[in-house]
Amino acid sequence: MSRTYCIADMKFIDVTALSDAAVTTDDNQNIGSIGLFTEQTDQADYGTFELNQFVLDGSKDILSDNSKDIAFWSDEVSQEDCSFAGYPKITIAFTEQHSSAGLTLYFEDDYPAELKITWYSLGGSKLDQKTFYPDDLIYSCVNQVENYGKIIIEFVKTRNPKSYIKLQYILYGRYISWQDDLVQAGKVLEEIDETSATLSINTAEISIIDENNDFDIENEAGAWKSVQKTQEVNLTENINGTVESMGTFFIDEFSFSDNIATFKMIDTIGLMDQFTYYNGGIYTSTSVGDLLADIFLAAGIKKYNIDEEVANIRLQGYLGIQTCRAALQMVCFACGAVADDSRSDTVKVYKPDRYVKSTIATDRKFYGGTEVTLDEYVSGVSIECSKYTLEDDVSEIYNDVLPKGKTRIELSDPYEASTVVASVGNLIEVKTNYLVIDMETSGECTISGKKYASSNFSYQKDVDEIEAGETANQKKYGTCTLYNIEALPDLADRLLKYHKLRKMVDLEYLAEQEHVGNWVNINSVAGKTSTTLIESQTLDLAGGFIATATCRGYSIVVTEDVFAGTELYTGGDVII
């Protein structure tokens, strides 16, 4: 009998503390670099002259004179009784207040027997102090502290005599893991639009049994005080002993009732909706790789992968002020690519293929849970684009009173930055979409410059012949402010081929590794095969890994896992 259960690992940390932390120490060896705490770099397993440390079985690396992967090794070795003459100490200072449910310390080679942590406010007042007794190389010092501005870590004793303290990095918070019966309910919704006319957000929701009332807001010492909207949660599904990643998500909201904590989450693309892209401009021939790198940077996204084929495409047009997700969608549509992070912590930008990845046989489908319908007939597509031309005349951007100091003005139309001037004040930053002006005193100010005027044009492609019994139906896309004029015919052709995939299959089945964006063969009890693209599916993580999916594709019989082939059409509603 199939055995499945969900695992939810929460990276329960202050997401801004790492970049704000200034770590100092007077007790590090000269081979150590405390700055590696920020990079969270792994260290090799070096042999040393500590008591009984250098096992001569070839498992230890030889320490070079110029090792660059050691963060902190105490310059003092512990005494015969495992104590120190003076406690090795690490001080962490912040510029802003932070809150976390403790600290997680990552030790190398061996962990200490005892350490002490003291938390202070930004003003220097002592908030809390606690002694911990580690029992693992990765040890969570669990202690909910709010609004701290400084932390001092002191190492009291080692487990073995004549030993160093070896600390590789610090997590400002802790990992919490729930699995099996502690996960009362869980589901993931995955979606993808191959046309990139929309950029879908994958979502997840889990309900866990909160044994310690950590997320009960009436618990003053509860970990709920450290919940942040960008808290990272990694979901996996154990399927008969095989662990399948369900993706990385971020907490959007949470609630607590009757000892059950419920978290609603979004994926990385959903997170991009919370960031605004200001740096767009007028482009004549800009690579997709450069554009996307700038958009991901604006959203703080470091984990992404852009296929070389996509990265080298060059675009022209304009990007205005919009969310980073909207900017990503605009670029993807213009170059015929998709962006997806399903089952991953990385946003992948690529051109989709049509190769079958797996077969959903009848023994994995629920009887009566499959329905086949025919989508609307599309005989042509029309892509509307905006072209931008710099006007000869100067236009007025702003004419009114401005307050003393710096004012940021967002522009409703794109302007050529080099032509923007102000009657008074100092223009300290001028971009295509915004400007920043500094006024010595409040007063009237006129700002003007040359504007880029837009004009629209459309590219249209129709089928050679309208099918018998159908009428002309044109699908319109626009307005696109980015495009590649030479690639428009190929883009229109790709969209038209997508709309030829009229067979829609809704089914409920026992999932394995199928996810959105995959092409799959779906077998029927009548011996027929539907070759389809999974466009949307909801997965029950706590109830047997059952998927409810919507697929789009061909109506043909396929016997090989190769290119899907030539489409045939079927009409009416069918229950398989």
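**Pocket, cavities and a helix pair**

The lining of the largest pocket draws at least two residues from each of β1 (4-13), α1 (17-20), α2 (36-39), β8 (166-171), β12 (232-239), β13 (242-257) and α3 (268-272). Helices (H or I, at least four residues) and strands (E, at least two) are DSSP runs, numbered from the N terminus. The model is predicted, with local features needing pLDDT of at least 70 and side-chain atom pairs pLDDT 80 or more, while totals for chains, interfaces and linings use all residues. Residues are numbered from 1 along each chain as its sequence is written, and side-chain values use heavy atoms, without hydrogens and water.

On a 1 Å grid over the protein atoms alone, a pocket is an open set of points with protein on both sides within 12 Å along at least five of seven lines, a cavity is a set where a 1.4 Å probe fits but cannot get out, and lining residues have an atom within 4 Å of a point. The largest pocket holds about 1000 Å³, a volume being the space filled by probe spheres set on points joined across faces, edges and corners. Of its 28 lining residues, K11, V15, E232, G300 and K302 lie nearest the centre.

There are two cavities of 30 Å³ or more. The largest cavity has a volume of about 80 Å³, and D110, Y111, S163, Y164 and I165 are nearest its centre.

Helix α4 (residues 288-298) packs against helix α6 (residues 324-335) at about 165°, with axes 9 Å apart. The two are therefore roughly antiparallel (angles over 145 degrees, between N-to-C directions).

How values were computed. Axes are lines fitted to C-alpha atoms, for helices over the stretch in contact, and angles run from 0 to 180 degrees between N-to-C directions. Angles under 35 degrees count as roughly parallel, over 145 as roughly antiparallel, 65 to 115 as roughly perpendicular and the rest as oblique.
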